[in-house]
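Here are a few quick notes on this one, as promised. Have a look at the model first, then read on.

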Amino acid sequence: MAERSTAAVDVADSSDAQNEPSLTAKADKATADGTEAGNTEESGAGAPSGAERTTGGKAPRGPRAPELHSGHKLAGRYRLEECVTRLEGFSSWRAVDEKLRRAVGVHLLPAEHPRARTVLSAARSAALLGDPRFVQVLDAVEEDDLVYVVHEWLPDATELTSVLASGPMDAFDAYQLVSQVSQAMAAAHREGLSHLRLGPGCVLRTGSGQYRIRGLAVMAALRGITSETPQRTDTEAIGALLYAALTQRWPYEGDAHGLSGLPKDVGLIPPDQVRAGVHRGLSQLAMRALVNDGATASRQEPPCTTPEELAKAVSAMPRIRPPETPFSATPAYSRPPAGGAYGPQAAHSAPVTPPPPLQSRTGTAIKWIVSSLLIAALGLGSWQLADTLLKHTDSDDDPQQSQLSDNEAKKKVTSHLLKIRNAQEYATDGGFQHPKQVPNTYDKQDGTAWRTLSFNDQLAPNSYKDGVGIVYDLGKEEQVTKAEIDMLHPGGTTITLYACDGLTPSGPPSNLKKLSEVTENSVKAKLSLKKPAKTRYVLVWITAMPNAPQEEWSKAGHKQGITEVRFRGR
């Protein structure tokens with residue numbers, strides 16, 4: 001069997017000889033997509049059997065990886081910062097796009113490399129998919145005897161490898177994982193794209209709980225890997241991810257990805273037999289994906305041989321709800337001693353001595369003094385109340401004074417319309433809706449609107465899309481007190497206002513200052529702030545949209561549109 005050395009940008013290779021002992025290789029350093037993977041181990045036994053190398057055995061030595069250094073610029077734009085992977089024939093870097101001022105990842109290999117054309121073709125095909133559930137390919141270029149592929153860099157995302165290192169997932173998180181990954185891969189295969197190296201190192205979890213897949217088509221092309229049954233290979237890989245999420249074990253004999261493999265000579269056993277308390281439905285689903293060349297042993301369910309079949313099987317399961325938030329325990333009630341308040345007391349407890357009763361003459365005098373004070377207090381209070389009412393009546397009789405008071409009150413609460421100077425669409429995952437329609441939301445014209453795309457599922461927290469929105473620039477810092485938003489579709493729409501530091505906020509909405517939130521069923525939403533907020537930039541963030549019918553410009557699904565936005569302030 002061929003000896004292999006892989007970096008954390010990859011996942012487990014396949015083996016051409018399934019019955020031979022597997023060899024493991026430690027990862028070189030870190031991933032090429034912005035998250036560290038530590039010392040991941042992999043083996044041939046830890047990969048789906050359908051994937052294989054096109055060259056067979058050890059990869060031939062092609063042209064050496066380009067000897068570049070930190071600070072080198074590609075196309076006068078991408079500045080290389082740190083080499084995170086260097087293998088035979090190619091290298092991967094963390095870089096900076098100086099034009100857009102953002103971090104990116106770059107794969108580099110010589111133009112004369114035997115797989116250079118395949119890598120370019122795979123990268124361009126993946127870029128055309130445009131699905132935000134995948135780490136996006138931003139550029140694929142051949143220039144100056146180099147071929148390089150530029151992709152998104154997600155510094156705030158966490159590799160599934162790191163998530164599993166802390167322990168197995170609960171049923172809800174594992175359900176979200178298999179649901180999102182299977183749906184994403186089903187969409188990719190419908191476009192003729194496959195992964196073939198899908199493992200914990202290629203799945204990232206964002207701060208909002210969404211999963212994103214990196215290396216679609218590109219990772220296999222860099223390694224020269226093909227498969228005669230790509231759908232079955234990717235389905236088995238998803239089953240292995242679910243198995244690992246439920247048990248914190250790799251479902252093969254060899255250790256891989258920092259996870260222990262199964263004991264030798266026991267075969268593939270269901271997850272609920274590996275660890276107690278595993279959700280039975282998810283355990284059976286993992287087996288249907290892994291043992292996809294026949295029915296499972298536990299139940300005669302048909303195997304899942306494609307990501308589409310697996311996604312449908314997940315959808316057919318009863319929905320698994322998130323775990324309830326634990327509440328603080330109520331202090332224990334202190335029970336009285338045995339026998340009740342009137343029962344026998346412990347021998348060591350001293351009897352409570354009641355206070356001595358007031359003497360008859362002294363007690364009578366105190367009672368009279370207290371009664372006199374109460375009567376005096378009631379009289380004084382009544383006199384003050386009557387005086388206040390009389391003054392109020394005099395004020396009502398004086399129209400000039402009443403008008404002055406009304407004007408002063410109006411002056412205190414009057415707010416003015418704030419002018420919107422600029423606006424820009426905001427998307428945490430880079431999946432924009434219709435950026436060119438944003439000016440329609442503050443042009444003060446009827447019949448114009450900014451429209452979202454149509455989504456099959458509701459937005460956050462149970463979808464790969466956590467929200468859609470627009471950041472508005474008021475030109476200068478203003479005391480914002482209210483927002484009025486006119487929309488296209490009635491129904492449950494959840495809108496949240498955030499104060500931002502610019503048109504492109506430096507972090508996700510969870511890191512921004514929340515101003516107000518409302519869920520509106522009509523087409524007019526009003527959000528009032530408890531107290532004025534001083535800010536120049538305001539994010540209108542939509543996290544739930546109504547299910548609207550098909551229209552001329554979009555299909556049926558969860559969608560919304562904004563026709564006009566108005567901000568008021570002091």
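1. Start with a helix pair: α3 passes α8 in a left-handed crossing. Keep in mind that this is a predicted model. The pair is helix α3, residues 171-190, and helix α8, residues 307-316. They pack at an angle of about 145°, and their axes are 8 Å apart.

2. Who touches whom? On the α3 side, the contact takes in Tyr-175, Val-178, Ser-179, Ser-182, Gln-183, Met-185, Ala-186, His-189 and Arg-190. Their partners in α8 are Pro-307, Glu-308, Leu-310, Ala-311 and Val-314. By type, the residues of this α3 and α8 contact come out as eight nonpolar, four polar and two charged.

3. Searching the whole structure turns up four cavities of 30 Å³ or more. The largest cavity holds about 160 Å³ of space. It is lined by 17 residues, and the closest to its centre are Val-135, Val-137, Gly-215, Leu-216 and Val-218.

4. Which elements give two or more residues to that lining? They are α1 (116-129), β9 (146-152) and α4 (218-223).

5. Last, why does the largest cavity lie between domain 1 and domain 2? Because domain 1 (72-152) and domain 2 (157-316) both give residues to its lining.

Notes: Residues are numbered from 1 along each chain as its sequence is written. This is a predicted model: local features need pLDDT of at least 70, side-chain atom pairs count only at pLDDT 80 or more; totals for chains, interfaces and linings use all residues. Side-chain values use heavy atoms; hydrogens and water are left out. Axes are lines fitted to C-alpha atoms, for helices over the stretch in contact, and angles run from 0 to 180 degrees between N-to-C directions. Helices (H or I, at least four residues) and strands (E, at least two) are DSSP runs, numbered from the N terminus. A crossing is left-handed if the near helix is turned anticlockwise from the far one by less than a right angle, and right-handed if clockwise. Contact means heavy atoms within 4.5 Å. Ala, Val, Leu, Ile, Met, Phe, Trp, Tyr, Cys and Pro count as nonpolar, Asp, Glu, Lys and Arg as charged, and the others, Gly among them, as polar. On a 1 Å grid over the protein atoms alone, a cavity is a set of points where a 1.4 Å probe fits but cannot get out, and a pocket is an open set with protein on both sides within 12 Å along at least five of seven lines; lining residues have an atom within 4 Å of a point. Grid points are joined across faces, edges and corners, and a volume is the space filled by probe spheres set on the points. Domain bounds come from an automatic or database domain assignment.
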